[in-house]
Amino acid sequence: MRANALPSSRKEDLVSFQKNLNIKFKDINLLDLAFHHRSYANEHGNHLNNNERLEFLGDSVLGIAVADYLYKTMHDHPEGDLAKIKSVVVSEMTLSEIAVNIGIQKMLLLGKGEENSGGRSKKALLADATEALFGAYYLDSGFKVAEKLILKLLVPEIEKVWENRHHKDFKTLLQEYYQKKYKECPIYKLEKITGPDHDRVFWVSVSLKDTLYGPEQGKSKKEAEQAAAKEAWDIISNNM
């Protein structure tokens, strides 16, 4: 697709996205492609015109940029520390949060089915598009320019991990706290399942002694358990 084949409204959105990030693509079509989900490409008759190859490339660009930064800035820490930090900051959770913060969910081109099933809020899809953005910028402007964008977005996440302020496994936090205080484990209960078979919602509560938290929802039982644990942990930690 040539640049002048893009609808004017799409061009405006892409230009605005770049301005908000303070970046500039030489080829705006590469940026556009970074947001083409497979479902959209399939519906429009070109299954290869999606962001998966860019995602593949961006994953490696992201990895080397973060590894290089950690190696050069954390001189006194062993490989194990660096690996743990890197695993968190390049995780699906972190990248999907970055995607939302910079507005990638608004830029995605999705097929109707993916759109209707809540594709714009799916963590895996958002994280993949973030990696595709990095891959596209690398192809467009080279490693140093792409690295600058990556570090702008990821260094704050690295600092969060180092200061122990990053996203945590709330089930683990809750269990560690509860076992230490009461020598017991939290009890999770699946309260109900709602929605059609293709889009089920699980509702889970968690009991600590005589206190019930939830129910909270998730797209899987595991996700709902994490949501219930988060609610309980947030209340408990605020009262500590």
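What follows is a walk through this predicted model, from the whole chain down to single residues.

The model is predicted, so local features are taken only at pLDDT of at least 70 and side-chain atom pairs only at pLDDT 80 or more, while totals for chains, interfaces and linings use all residues. Residues are numbered from 1 along each chain as its sequence is written, and side-chain values use heavy atoms, with hydrogens and water left out.

Let's start with the overall picture. The protein chain has 12 helices and 3 strands; helices (H or I, at least four residues) and strands (E, at least two) are DSSP runs, numbered from the N terminus. Along the principal axes, the C-alpha atoms fill a box of roughly 65 × 55 × 25 Å. Of the 240 residues, 39% count as buried, where buried means under 20% relative accessible area, exposed over 50%, and partly exposed in between, with a 1.4 Å probe and protein chains only. Taking a contact as heavy atoms within 4.5 Å, residues 24 or more positions apart account for 52% of the contacts with a separation of 6 or more.

Now look at helix H1 (residues 8-21), where you will find Arg10. Arg10 is buried, with a relative accessible area of 10%. Leaving aside residues up to four places away in sequence, Arg10 touches Asp32, Phe35, Met107 and Leu109.

Next comes a pair of helices. Two packed helices are described by the angle between their axes and the distance between the axes. Here H6 (residues 92-102) and H9 (residues 123-141) pack at about 75°, with their axes 8 Å apart. The axes are lines fitted to C-alpha atoms, for helices over the stretch in contact, and angles run from 0 to 180 degrees between N-to-C directions. H6 and H9 are therefore roughly perpendicular to each other, a label for angles of 65 to 115 degrees. Among the residues making the contact are Met93, Leu95 and Ile98 of H6, and Leu126, Ala127 and Leu133 of H9. By class, the contact has 10 nonpolar, 2 polar and 3 charged residues; Ala, Val, Leu, Ile, Met, Phe, Trp, Tyr, Cys and Pro count as nonpolar, Asp, Glu, Lys and Arg as charged, and the others, Gly among them, as polar.

H9 also lets you check its length. After H9 comes Gly142, whose phi is positive, near 95°.

Finally, turn to the sheet. The 3 strands form an open, antiparallel sheet in the order S1-S2-S3; two strands pair if DSSP finds at least two bridges between them. S1 (187-194) and S3 (211-218) are the edge strands, each pairing on one side only. Ignoring direction, neighbouring strands are turned by 20° against each other on average.

S1 and S2 (residues 201-208) are joined by 7 bridges, and Lys189 has Ser205 in S2 as its bridge partner. Their hairpin has 6 residues between the strands, with Gly195 in the turn at a positive phi of about 90°. S2 and S3 pair over 6 bridges, with Leu208 opposite Thr211 in S3. This second hairpin has 2 residues between its strands, and Lys209 in the turn has a positive phi of about 55°. In S2, 6 of the 8 residues are buried, so this strand is largely enclosed by the rest of the structure.

Notes:
Angles under 35 degrees count as roughly parallel, over 145 as roughly antiparallel, 65 to 115 as roughly perpendicular and the rest as oblique.
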